[in-house]
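Biologist: I'd like to learn how to read this one. Could you walk me through it?

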Amino acid sequence: MRAFSKLTIGQYYPVKSLLHEADPRLKIVLLFFILTTLFVVNNFLGFIFISFFLLMTILAAKIPFSWILRGLRPIIFIVLFTLIIHFFFTAGKPIATFGPLVVTEEGFKNGTLLSVRFILLIIVTSLLTFTTSPIELTDGIESLLTPLKKIKVPAHELAMMMTIALRFIPSLLLETDRIMKAQVSRGADFESGNLFKRARNLISLLIPLFIGIFKRADELALAMESRCYRGGEGRTRLRVLTMRHGDWLIGMVTLLFLIMAIFAGRL
Amino acid sequence: MLIELKNVSFTYMPDTPLAQQAIKNVGFSVRTGEFVGLVGPTGSGKSTLIQHFNGLLEPLAGEVLIDGRRIGSEISALLVRQKIGVVFQFPENQLFEDTVFKDVAFGPCNLKCSDEEIEERVRSALKMVGLDYFEFKDRSPFTLSGGEMRRVAIAGVLAMNPSCLVLDEPTSGLDSIGKREILTHLERLNKEHGLTIILISHDMNEIARMVDRVVVLNEGKIEFDGSPKEVFLKRDDLLKMGLDVPEYASLLIKLNERGFDVPLDLFELNEVKDSIVCALERRSR
Ligand SMILES: Nc1ncnc2c1ncn2[C@@H]1O[C@H](COP(=O)(O)OP(=O)(O)OP(=O)(O)O)[C@@H](O)[C@H]1O
Ligand SMILES: [Mg+2]
């Protein structure tokens, strides 16, 4: 039960900031540019440029650093693993020895660069989800995919599926929590016991949950149909995405930084 | 004291921008055999509060004692859940077995009762909610009516043999027959079986008629705590919070303001009628 309160799906951090109000399409496109840059850049100077840029962005987005760090927690293990593998198992010029293990210069450089790249990658991506609500995100994706409709990509349907899925995740977590509490009140134990007992307890959670999901899906379909939903053809939108002057400015500044980072990063 | 809360506070999602303090420094206790009504406007923290009674939520500050023992350290969570049975809102959503018998038996099974004991408990739990054992035990819970499903779910908690039953809006969404069925059984459980009952409800007529004591929660704090008469006399405060007052209480208070000498603590149609008739006769004399 405890686990659910710590899970922050979607991870949207609701404050008002320049970045929160920017057009989601801009943020998605810039994310792709930044990710590309991260893979092009190949030395520390380039990464210093990007880190500085991200630092500014985090400040502008008013996200506390503790949240950024929390987002990094799940990858600590992977980063450490990468570092160790590279440090000790890359051939090249030795710079230090620990017993039978030898650290090489190439290993040190590659390992650190790869780890930094990975950490920055996670930070940029989480910046997008911190500053963009799931609904804005799907709206942005739909809008960006629209040109692909010509080659039969079902942009609207994909976005609608994403919207519904995102909309249902919190309800499902809440519902799970509720049913779990009801069964725990009847003496069920989801945390200990042998396999057989746990499976039986899990059934007491899953059956009511699935009944609920099917009921909800049915009701949603009915509600959409009774409000004349019939696909994306000719449907107008409530929130029209617009690029404001500030957004263009954000885009320009970011591109400028990225170009500098690429130049520095390929020296 | 069966249940005792000392300065309990609780916050959802603490240390995030979404933090929301749902319970603020609540002190409150329930004695064995009491019938307590817990009322409050939407979002006042009623459902959050009752989850502290059986250890589903741990208070951020303060402590919860059951029979004078602290949950977790001095009394095990399983024992607390056996002693304090909690019936959540729409409890029929927790049904999952293919027969009524198996579903009601879920609790006793978790308490590792013997087969004979389980059968005995299921039999008496179904009786307590007024369902015939032989008629219902082999039916699928999903073929029952809404009111019957709800009574089966309540029986599932009663089968744990609790000394206190906590119910979160047990009558919401039922028709008047379903409501009455559940309420009469609750009343009997309290009067005849000596079960302590804590009832959350938005229906003030229901509360006034059934309970010995009303606790009013508003924005996570206890605003009033007393007999129905004492609490419903604060009609203006209650209305300001967005709560109703029982219709009879409203009528009697208004008559009193106009100078009629009527008692204020009547919540049954016949008594109210008689007292008004009496007052009118006295006046015409
Ligand atoms: N799981 C949760 N996560 C975050 N906040 C919650 C959660 N459950 C309740 N809250 C918040 O806590 C406050 C108290 O909610 P609670 O459900 O206890 O109220 P209630 O008195 O039972 O209301 P109602 O009469 O509508 O059932 C509300 O403001 C609600 O938004
Ligand atoms: Mg509630």
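Modeller: We'll go through the sheets, then the helices, then the ligand. Bear in mind that this is a predicted model, where local features need pLDDT of at least 70, side-chain atom pairs count only at pLDDT 80 or more, and totals for chains, interfaces and linings use all residues. Residues are numbered from 1 along each chain as its sequence is written, chains are lettered from A and ligands numbered from 1 in the order in which they are written, and side-chain values use heavy atoms, leaving out hydrogens and water.

Biologist: In what order do the 6 strands of the open sheet in chain B run?

Modeller: Strands of a sheet pair through backbone hydrogen bonds, parallel or antiparallel. Here the order is β6-β7-β8-β3-β9-β10 in chain B, with mixed pairing. β6 (84-87) and β10 (221-226) of chain B are the edges; each has a single partner strand, so one side of each has no neighbour in the sheet. From one strand to the next, the twist averages 15 degrees. As for terms, strands (E, at least two residues) and helices (H or I, at least four) are DSSP runs numbered from the N terminus, and two strands pair if DSSP finds at least two bridges between them.

Biologist: In which sense do β3 and β8 of chain B pair?

Modeller: Parallel, over 4 bridges, between residues 35-39 and 196-200 of chain B. Look for Val36(B), whose bridge partner in β8(B) is Ile198(B).

Biologist: Which strands does helix α7 of chain B lie across?

Modeller: α7 (residues 176-193) lies across β3, β7 (164-168) and β8 of chain B, at about 150 degrees to β8(B). Contact means heavy atoms within 4.5 Å; axes are lines fitted to C-alpha atoms, for helices over the stretch in contact, and angles run from 0 to 180 degrees between N-to-C directions.

Biologist: What about the 4-strand open sheet?

Modeller: That one is antiparallel, ordered β2-β1-β4-β5 in chain B. α1(B) lies across β1, β2 and β4 (61-66) of chain B, at about 125 degrees to β1(B).

Biologist: Which residues come nearest to ligand 1?

Modeller: A residue is near a molecule if one of its heavy atoms lies within 4 Å of it. Of the 14 around ligand 1, the nearest are Gly43(B), Gly45(B), Lys46(B), Ser47(B) and Thr48(B). For polar contacts, look for pairs of N or O atoms within 3.5 Å; within protein, one must be able to donate a hydrogen and the other to accept it, and residues adjacent in sequence count only if both atoms are side-chain atoms. A polar side-chain atom of Ser47(B) is 2.6 Å from a ligand 1 oxygen. α1(B) gives the most to the shell, with 3 residues.
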